[in-house]
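Please examine the model shown below.

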Amino acid sequence: MAQEQLYACAKLLDLEDDVVRMLENPMQQVQVSVPVKMDDGTTNVFQGFRVMYNNVLGPAKGGIRFHPEETVDTVRALAAWMTWKCALLDLPLGGGKGGIICNTKELSEGELERLSRSYIDRIWKFIGPDVDVLAPDVYTTPQIMVWMMDEYSKLSGKNQFGVLTGKPIIAGGSAGRGDATAMGGMYTIREASKELGIDLSKTTIAIQGFGNVGSSVATLSQEFFGATVVAVSDSKGGVYNPDGLNIQEVIKHKAETKSVINAPNTQTITNNEVLELDVDIIIPAALENAITKDNAGNIKAKILAELANGPTTPEADEILYNNGVHVIPDFLCNAGGVTASYFEMVQNMYMYYWTAEEVYERLDKKMTKAYHEVLYASKNHNVNMRMGAYAVAVTRVVDAMKLRGWI
Ligand code: NAD
């Protein structure tokens, strides 16, 4: 899929074959065997990967996934997407991604720590604050980040906070990181509303997914932007109140019962109904493939803001474009996370830390600029916003490769 998208963009930009050959595969792909002494005294050997897709714009940046079904193919595609996302936000960073094939639910805390440290022992020569910078992703936590950072610091003989991001604040993390993905998405929604002549403070919003990102965007959209969230959902179904939900009450209800269903003053609706409500904005913030050719035609919202990764299938994209739904594509809409990670790296290098307000102010500038560049490219090339985003990102990477004499 990642390669297909690149080929489509190459066609749009009329890129030469040698340029495509440089971009269709990663620059470096490392596979390591990671030995771990288990609690029962035996040694288990896990397989780990780290892919540096392209570093022409700066050190590679991307998360580490701990997953039983991890494959190097997935890691490679995700590393490609990180390359485009960082380039789109005009960050001085390339794209990378890593993973270990393991099931964290079957590991004790001690085994998890030894696995994290052993992985760094094997890859430390390939990473570093100005080489390749890691971050949390699927089933990796701030604690795992601190173990890895500590191991890397020991091996290199000095504190190296900037080798990875997503750290707790006391261990070199950034204020504002927790809400950065949702806040970044809201800045793009604000700009899209202006473009469509909609007053954001008078809009209604429905959100699919009520985890880290979904609950955060629900809170921020009401508190900072004055919008009205009328529906949210989780894996068990959705809740709706046409006059607006009390988000703090829904958060409390979910904490107590593990679901949003039956939160006070709400009526229950299905997951699909949430996406098809007559609202101004829908925000998928759950899993991939939520909007397909089967439901895309029923979407009534004017703006679809993809905070989730990959929520819209290519066929659905086509339908939405033809129906005039303004889609803010995932690698623009949810790029607030990686942008705040970049700010964390900068603060680590400066050894000077910003307030959450300073982080948000800088995030706003980055997201707003990127939104308008994508909008301009999509109008200029007469393509949807997703292809517009590709055009901006790929052009930056190609221009830098040409300037540096790589092609
Ligand atoms: P999370 O696990 O905290 O939350 C996921 C939510 O989706 C849960 O509430 C779950 O119940 C719900 N869900 C699952 N299946 C559903 C369904 N069929 N219908 C409705 N809800 C369903 O995850 P998260 O960190 O909030 O991430 C959500 C999305 O945002 C993912 O696609 C992720 O890749 C993307 N994203 C997250 C970040 C970040 O900073 N956390 C950054 C970029 C992109």
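In helix 3, the buried residues are V72, V75, L78, A79, A80, M82, T83, W84, K85, C86, A87 and L88, where buried means under 20% relative accessible area with a 1.4 Å probe and protein chains only. Because twelve of its 17 residues are buried, helix 3 is largely enclosed by the rest of the structure. Helices are DSSP runs of H or I with at least four residues, strands are runs of E with at least two, and both are numbered from the N terminus. At 1.5 Å a residue, helix 3 (residues 72–88) should span 24 Å, which agrees with the 24 Å between its end C-alpha atoms; the expected span is 1.5 Å times one less than the number of residues. Just after helix 3, D90 has a positive phi of about 60 degrees.

This is a predicted model, in which local features need pLDDT of at least 70 and side-chain atom pairs count only at pLDDT 80 or more, while totals for chains, interfaces and linings use all residues. Residues are numbered from 1 along each chain as its sequence is written, and side-chain values use heavy atoms, without hydrogens and water.

An automatic or database assignment divides the chain into domain 1 (25–159) and domain 2 (180–333). Their centres, taken over C-alpha atoms, are 31 Å apart.

The ligand is surrounded by 19 residues, the closest being T181, N212, V213, A286 and N309; a surrounding residue has a heavy atom within 4 Å of the ligand. Helix 7 (212–223) and strand 8 (228–234) each supply at least two residues of this shell.

Note on methods. Buried < 20%, exposed > 50% of the residue type's maximum accessible area, 1.4 Å probe, protein only.
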